[in-house]
Amino acid sequence: MAIDDQRKLEGTVVFSVVGRPEYGFDVFTVDLPSNLSAHSQPNFPNDQLLTDAKSINYNGQFVSPSDAELLLLRENVDADIIPNDIEGMLIYVSERTGNARIHFGFSSEKALGPLACTVSPSNNVGFFFDRPIVKNGKAYFVSMQEPADKPLKSWSAVYSTCLRTGHTVRLTPRGTVDYSPSISPSGKWAMVASYGERDWELSRSQDLSTDLYVFKAEDGSSRRIVAQGGGWPTWGDENTVYFHKKTEDGWWSIYRLKLPADPEQIQEPIKPERITPPSIHAFTPCASATGDWIAVATRRPGTEFRHIEIFDLGSESFMAVTGLINPEIHHYNPFVSSDSRRLGFHRFRGEVGTDTLIPFLDPIESPLPKLELYRLNGSFPAFSPDGSLIAFNPNLTEQGGVHVLKADGSKRWRIFKGPAFAVAWNGKQKGLVHASVGPIFAPDQATVHIISIRFNSEDLGMEESEEVKSEVRILTKDGTKNNAFPSSSPDGKQLVFRSGRSGHKNLYIMDAEQGEEGGIRALTQGSWIDTMPNWSPDGEWIAFSSNRDDPEQGGYFSIYLVHPDGTGLHKVSGISRERINHVCFSPDCKSLLFTANLSGVSAEPISLPNQFQPYGELFISRLDGSEVQRLTFNAYEDGTPAWAQGCSALSLQSLNLDGKKIAGEKLKGEFEEPYWLGRPP
């Protein structure tokens, strides 16, 4: 296929993210008694807010006064906003700029930052930062600011930035993937959970099977493996490290690792000691400076919530903390102050602050200057022919239905109530939307229909109403099994969709007005899965995902193109073991936009709420699969993108950081824990 260099990488992309809109995370702390180990179960005061309830804030760490002074000097912070006592400085991750960046501040006052800590200051858009730590004049963190050496590998690596000079260096070797850094009390040594140089495997969506490596914190030298299996290390003292690991009996447990006085003498992995018992999941530990206890997140059998508990190392017993304060809220990733008197974590903030709404559209930073990116509070967005409206599924429940949203995110209406998913706008008619009705994750034999939803688009001008009358027509016949994922031809006369009527999920084309009654034909046939088709705006091609290369594996999907008459079918991507879905065309038909696992996993999945596929990021490429470029940088599952010409009336400035009014629905914190934690081993 000939390559046209005159691509237009511009316009507006809207996409969905699993769970993220509902997080509402902020960092909190609880004061601890000085003689904690003397209590069998102390009473704890209510937790205190440490961050400013803007956007989401998480993965905090306390900063020592000496490092706080350096940080304030480095960032030229106005002296008027610095408190007299800088003991309470916090460094943390915030997404207020549209992506995960490092910020710092004092006790719920206005956030400072983002911290400038990139290898190339001139290329500072779209990066992901995580797990910041400040120690002895340096900030350590995970970032994805440099591409992996090949596809199917995470970009995550550990870096450090000198607070005096601003110089940033990569501590992770090229071609290696590192997560979850921890710095020894002396500041001399760093330890990470490393995926090594391995290609990422689709089965690694829960336990990454990382190993623990130690190296010099100054420059990454003297790197060596210290334990096989395990993640999220935390130093108890200069020779003791705690970490979590999924054990052979199926429980996540905390282990203790004893290091020699000189880690450079380690020649082979050390056998660790399991210290938390089976029958309770314990993970993401943080050791106290006293050496008497560690803080851990737990998930107990029979409970639905993740909580922070203290595990006393002497009595080998747990003390409940957050379960006593906020029993029906999830709490994540504990951290402890240097004097062991404060215990921090992040959780859903509730009614605190001004960010109490989930915006319908949430702008994020884009690596392409003319292409705007917006996170949708919903799934399967589809632009109207003129780009002024977006149809989507607000959720995938039985009453989720289909909604229509102004493209500037200012107003939405419901046009259908019922178990719908996979929305497509008719190519020509502004008042005609197509959708799938039935269970979304269903076998070939399940009953799922394609419907049309016709409404008067002028009714959307009724600002006082949130529901618009519509006429619904079922387009697929009874007994044709699982029909889903419609996409309209640009002239609006035909629909391509996926159907399981033959016993296998393949593609069909039918009349858009009359449905099967107006004519239907098979576009693809075979004992594999062809799914999620998208018709190009010029009508020349239909793109879709398929596992036809290796149907037995099931989980690996690639992009294919085919002409609407069934000719010219060919595979676009040439990478093996990929999972590429949700493909669509650019408005100029010269690029493809899709969700893929090409960048692996960005953070340890157990440290996050549920992500069914914690490896989904958005990518674009040419129609022949060349010049693949990454668009999103996060640890969430991004998907179901739609691309329209022109730009939305929104901008990054519209983020609700200064009390500006935004359109959205109430933030309730209704996200899920990893489903695999709720099952007993």
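User: By class, which residues make up the lining of the largest pocket?

Analyst: This is a predicted model. Start with the general idea. Rolling a probe the size of a water molecule over the atoms shows where empty space is left. Here, the lining of the largest pocket has 18 nonpolar, 18 polar and 13 charged residues. The volume of the largest pocket is about 1600 Å³. Its lining counts 49 residues, and Val18, Ser379, Leu396, Phe441 and Phe612 are the closest to the centre.

User: Which strands supply at least two residues each to that lining of the largest pocket?

Analyst: They are β1 (11-17), β28 (379-383), β31 (412-416), β40, β44 (580-585), β48 (638-644) and β49 (664-666). The largest share, 3 residues, comes from β48.

User: What does the second largest pocket look like by class?

Analyst: The lining of the second largest pocket has 24 nonpolar, 13 polar and 1 charged residues. The volume is about 880 Å³. Of its 38 lining residues, Ala382, Phe383, Ser487, Asn534 and Trp535 lie nearest the centre. β48 gives the most to this lining, with 5 residues. Among the other strands that supply at least two residues are β28, β36 (483-488) and β40.

User: Is strand β40 enclosed or open, and why?

Analyst: Strand β40 (residues 530-535) has 6 of its 6 residues buried, so the rest of the structure largely encloses it. Buried here means under 20% relative accessible area. β40 runs antiparallel to strand β41 (residues 542-546), joined by 4 bridges. Asparagine 534 stands opposite alanine 543 in β41. The hairpin has 6 residues between the strands, and glycine 539 takes a positive phi near 80 degrees.

User: How many cavities of 30 Å³ or more are there?

Analyst: A search of the whole structure finds 4. The largest cavity holds about 110 Å³ of space. It is lined by 15 residues, with Tyr58, Asn59, Leu608, Ala635 and Tyr636 the closest to its centre. By class, that lining has 8 nonpolar, 5 polar and 2 charged residues.

User: How do I read a sheet, say the one with β19 and β22? In what order do its strands stand?

Analyst: In a regular strand the side chains alternate between the two faces of the sheet. In this case, 4 strands form an open, antiparallel sheet in the order β19-β20-β21-β22. β19 (281-287) and β22 (317-320) are at the edges with a single partner strand each, so one side of each has no neighbour in the sheet. The twist averages 35 degrees from one strand to the next. Inside the sheet, β20 (residues 293-299) and β21 (residues 307-312) pair over 6 bridges. Threonine 298 stands opposite histidine 307 in β21.

Terms used. Residues are numbered from 1 along each chain as its sequence is written. This is a predicted model: local features need pLDDT of at least 70, side-chain atom pairs count only at pLDDT 80 or more; totals for chains, interfaces and linings use all residues. Side-chain values use heavy atoms; hydrogens and water are left out. Two strands pair if DSSP finds at least two bridges between them. Axes are lines fitted to C-alpha atoms, for helices over the stretch in contact, and angles run from 0 to 180 degrees between N-to-C directions. On a 1 Å grid over the protein atoms alone, a cavity is a set of points where a 1.4 Å probe fits but cannot get out, and a pocket is an open set with protein on both sides within 12 Å along at least five of seven lines; lining residues have an atom within 4 Å of a point. Grid points are joined across faces, edges and corners, and a volume is the space filled by probe spheres set on the points. Ala, Val, Leu, Ile, Met, Phe, Trp, Tyr, Cys and Pro count as nonpolar, Asp, Glu, Lys and Arg as charged, and the others, Gly among them, as polar. Buried means under 20% relative accessible area, exposed over 50%, partly exposed in between (1.4 Å probe, protein chains only).
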